[in-house]
Number of protein chains: 2
Amino acid sequence: MSEDYRDMWKNLGLDLEAHDALLEVLGNAYQDIYMTQQDRPEGMGYFDFVMSEVHGLRIKELMDKKEAGQKIIGSFCVFVPEEIVLAADAALVGLCAGADFAMEEVDKFLPRNTCSLIKSAFGFNLGKVCPYIESADMIVGENTCDGKKKAYETLNNLVPNLYVMDIPQMKSIEGRDLLKAEYMRFKNAVEELTGITIDSARLKKGIEIVNNKRKAVHRLSILRKANPAPLSGLDALLINQVFFYDDPIRFTDSVNKICDELEKRIEKGEGVLPKGAARILISGCPMAVPNWKLPWIIESSGAVVVGEESCTGERGTRNLTDDSASTVDELMESIVDRYFKVDCAIFTPNPDRLNHIEEMVKTYKADGIIHYGLQFCQPYLMESMSVEKAIEAKNIPMLRLETDYSMEDVEQLRTRVEAFVELLSFRR
Amino acid sequence: MSEDYRDMWKNLGLDLEAHDALLEVLGNAYQDIYMTQQDRPEGMGYFDFVMSEVHGLRIKELMDKKEAGQKIIGSFCVFVPEEIVLAADAALVGLCAGADFAMEEVDKFLPRNTCSLIKSAFGFNLGKVCPYIESADMIVGENTCDGKKKAYETLNNLVPNLYVMDIPQMKSIEGRDLLKAEYMRFKNAVEELTGITIDSARLKKGIEIVNNKRKAVHRLSILRKANPAPLSGLDALLINQVFFYDDPIRFTDSVNKICDELEKRIEKGEGVLPKGAARILISGCPMAVPNWKLPWIIESSGAVVVGEESCTGERGTRNLTDDSASTVDELMESIVDRYFKVDCAIFTPNPDRLNHIEEMVKTYKADGIIHYGLQFCQPYLMESMSVEKAIEAKNIPMLRLETDYSMEDVEQLRTRVEAFVELLSFRR
């Protein structure tokens, strides 16, 4: 960290000693995994800086705005519509959930057989090491999977400001009605929190900012079609992760800047890995900061990740919100339409996801798919079996992995990934 | 089996050899667990007979009615309204899900970390040993937990007649609207299947039959308040299990008959276990035939089970459906009202369940609670932790167990149950 933020952290109620330990682990991991990469685009410097200041400058910036009256809303999921948050001049931030922390404490509140993502969110909260959760004026939970749905009941006793949003399970008329009602309720809650009435001009502005952010990552994704790949999967994941934390306009500019640079690289035929490297599509569960385990294993095994079918990837960002309507109610309908398309495995059935995976394989010229399943994440683990059957029937190789946030299985995973990468090389 | 049903089973497509093996295991387990009990009421003879003919006479009876035009609807859950099924002269049967079978086959379709109940349903289907699933004209799945919701997508490829019912996750206005819409859709589907239009007289009759069945088990439950307990928990569970299979009118008569007998026993101060035996309330996941493991361990440890807060117990049966309305739509509203009260852990929040547990402890004068959680059943395992905190705050002892359908952990469970029973004895 370039400044001393200890007073700020102390005022936020962080456990300074534990937080120091976390930052050290995080910093070391970033050095080992990110800074050892070769031939990174210069534009990644911005994201390196963001990561180095993720608990520092970004929090200071949020706290300064908070002092000026802005509200901070924390979220665990891509179903929370940022358009509505921005329309009320509030900030939406993703809450920490990518590493094991304070697991002994977590075990008092959650069953052993709970996925790492949920346990991590509790660990950062119980361990008092997440400045985002501490600075948030409202924390939004959503009834997506059983694990989160039931965990929020417990979290509600641990934080003073949890708001729970219901989410449908089927893409039926009643399912859409439920999502619409919940987004209207959320809009009211955000209005109440901020004291700002969301009119159509504000909502249009919110949609524009979020759409621009999405368009920038779409532009970046398309550049990854190139061979050799102009950007590592690790760096692409980082950008997708920063999507959830950063000021949206600055983020959009920074992504567009790196795209300009990558276009030049592609013209010159430059890449981050040799042209012959096996191209992998990652599909499955989200990867929150600092969960870089799988792309790190893949890319240190000589392959390159060319796309993420994930909430921290295209599942979260691929569709734009139609901003052509003029009334608040019509714009809200557009927002509902946009999010109702998200092909999360909590939906049954969920054929769009399979179509999207196949489409991504074609678009990014992937040689194979690695399915990333978090242990005890029932929706994705169950869906991975039918996805695998369908994908292999189309003669696309797929490796199904199940893991957690620990580093104990790294060598075991590496052995399987290396074998898969070798298989892909034989097939070319 | 008192008759030779082999032709019937063969015609249903059962794997006769595997089915023989299953019946032998089932018969032996029943002998060891049920027939070794002391001082059982004579009225249990009926239920012994039902169990001995569960794949025989009951199936023959259903097949005979089927030949005469009746339809058979199979279900995995207490959210499927039997009132509607009976109103169309169809029969509702619970589908086999209480034992491990054909697990090697199941592993090809479901992740390892899937609960035993779901795996068992698949195993009985894949192993071709369940005459109920084979004879059903319609199999009803329901979007309750993530595990079932996603498993039905796979089951849909394995059976020709799966119907999936959506279920809400919150007891909100939109949640109730969704349940209403789904029950109307189900009514239409049942009408289409049977060719019978459900009018108010039919629906009233259906409600009456199911209510009478519930009233009979309520009467039985109340008798279990007596000390010494007039009926074992094993026998009560069996009656609750047969609730899902038997002809409803005959079942009601048989339960009332055993109640008459128990009333006399209670007058004479007779019980199945000594008066001082620790009284246990079981709370948690359902126990389908032949899953008698936990009550067997408890009762062979000298305690007696006095109530089941479970789908195979009061959670499934406790509320009646109001039959006072006169139109089909009003009666459907009453049905929705009744089922919307079911306090399954899939709902968030689910405070009614905790209230019901506390109420049952008082009503049945339980000394303690054993929470039965199926491994990987996220809703009940997660809820069990907050239930335990709340229950222990009221100074009611609670033991939280997590298990599956295997018998490998019986001695380990027995050790914990015995220690808990001993603790309860010290407290008295």
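Grid points are joined across faces, edges and corners, and a volume is the space filled by probe spheres set on the points. This is a predicted model, in which local features need pLDDT of at least 70 and side-chain atom pairs count only at pLDDT 80 or more, while totals for chains, interfaces and linings use all residues. Residues are numbered from 1 along each chain as its sequence is written, chains are lettered from A in the order in which they are written, and side-chain values use heavy atoms, leaving out hydrogens and water.

With that in hand, the structure holds ten cavities of 30 Å³ or more. The largest takes up about 740 Å³, and 47 residues line it, with Phe76(A), Cys77(A), Val78(A), Pro286(A) and Cys311(A) closest to its centre. Among the chain A elements that each supply at least two lining residues are strand 2, helix 11 and helix 16 (328-340); helices (H or I, at least four residues) and strands (E, at least two) are DSSP runs, numbered from the N terminus. The lining splits into 31 nonpolar, eleven polar and five charged residues. Here Ala, Val, Leu, Ile, Met, Phe, Trp, Tyr, Cys and Pro count as nonpolar, Asp, Glu, Lys and Arg as charged, and the others, Gly among them, as polar.

Now hop over to chain B. The second largest cavity holds about 540 Å³, and nearest its centre, out of 34 lining residues, are Phe76(B), Cys77(B), Leu117(B), Lys148(B) and Pro286(B). Helix 18 of chain B gives the largest share of that lining, three residues. By class, the lining has 24 nonpolar, eight polar and two charged residues.

Most residues other than glycine have a negative phi, and most peptide bonds are trans. Yet the bond from Asn227(A) to Pro228(A) is cis, with omega near 5°, and Pro228(A) sits in the loop between helix 11 (200-223) and helix 12 (233-242) of chain A. Val289(B) and Pro290(B) are also joined by a cis bond, with omega about 0°.

As for phi, Ala102(A) has a positive value of about 50°, and Asn395(B) has one near 65°. Asn395(B) is exposed (over 50%), at 53%.

Terms used
Buried < 20%, exposed > 50% of the residue type's maximum accessible area, 1.4 Å probe, protein only. 1 Å grid on protein atoms, 1.4 Å probe; cavity = no way out; pocket = protein on both sides within 12 Å on 5 of 7 lines; lining within 4 Å.
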